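Biologist: Before we start, could you walk me through a few features of this model, one question at a time?

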Amino acid sequence: MTNREQPASAPVPPSRGRIAERLLPGGEEPDPRFTLANERTFLAWIRTSLALLAGGIAIEAFTSDLFLEPVRKGLAVVLLLLGMLLGAGSAVRWLRVERSMRNKAPLPLPLIVPLLAAAGALAAAVVLIFILWR
């Protein structure tokens, strides 16, 4: 049998590494545009998380004359915890969306959106109440 007579075999895709194969098992590689869009969304959530962390630090550092100490510390802790949860939640969200795209499954609901909305509204309400009360 000559080289021309041998059946053509399918090209083997390069391995992405053990960690990638463990986190993203099965399925097929999605269009790179969708993967990059998922990354941009992840980075937007991370920016929001960093803003919440900065807000928590700013509340604690610069508002001692505006809020009573327990309120100031409570508000700062809420913002810091929300920033931490949002950072972790954005990583989980990225992974779930990536797996869905690879398996051609429906995209998961963004569970961090109601959490962010509720906690943000609570923090804004506390600030508003204390500004009006003062």
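Modeller: Helices (H or I, at least four residues) and strands (E, at least two) are DSSP runs, numbered from the N terminus. This is a predicted model, in which local features need pLDDT of at least 70 and side-chain atom pairs count only at pLDDT 80 or more, while totals for chains, interfaces and linings use all residues. Residues are numbered from 1 along each chain as its sequence is written, and side-chain values use heavy atoms, with hydrogens and water left out.

Biologist: Is R72 buried or exposed?

Modeller: R72 lies in helix α3, which covers residues 69–102. Contact means heavy atoms within 4.5 Å, and, leaving aside neighbours within four places in sequence, R72 is in contact with I59, E60, T63, S64 and F67. Buried means under 20% relative accessible area, exposed over 50%, and partly exposed in between, with a 1.4 Å probe and protein chains only. The relative accessible area of R72 is 9%, so R72 is buried.

Biologist: How are α3 and α4 oriented to each other?

Modeller: Axes are lines fitted to C-alpha atoms, for helices over the stretch in contact, and angles run from 0 to 180 degrees between N-to-C directions. α3 and α4 pack at an angle of about 165°, with their axes 11 Å apart. Angles under 35 degrees count as roughly parallel, over 145 as roughly antiparallel, 65 to 115 as roughly perpendicular and the rest as oblique. The two helices α3 and α4 are therefore roughly antiparallel.

Biologist: How are α2 and α4 oriented to each other?

Modeller: Helix α2 (residues 32–62) and helix α4 (residues 112–133) have axes that come within 13 Å and cross at roughly 25°. In their contact, W45, T48 and L52 of α2 meet I112, V113 and L116 of α4. From the crossing angle, α2 and α4 are therefore roughly parallel.

Biologist: Which side chain makes a polar contact with that of K104?

Modeller: K104 lies in the loop between α3 and α4, and K104 counts as exposed, at 61% relative accessibility. K104 and E28 are 76 residues apart in sequence, yet 8.6 Å apart in space from C-alpha to C-alpha. A polar contact is a pair of N or O atoms within 3.5 Å; within protein, one must be able to donate a hydrogen and the other to accept it, and residues adjacent in sequence count only if both atoms are side-chain atoms. At 3.3 Å, the side chain that K104 joins in this way is that of E28.
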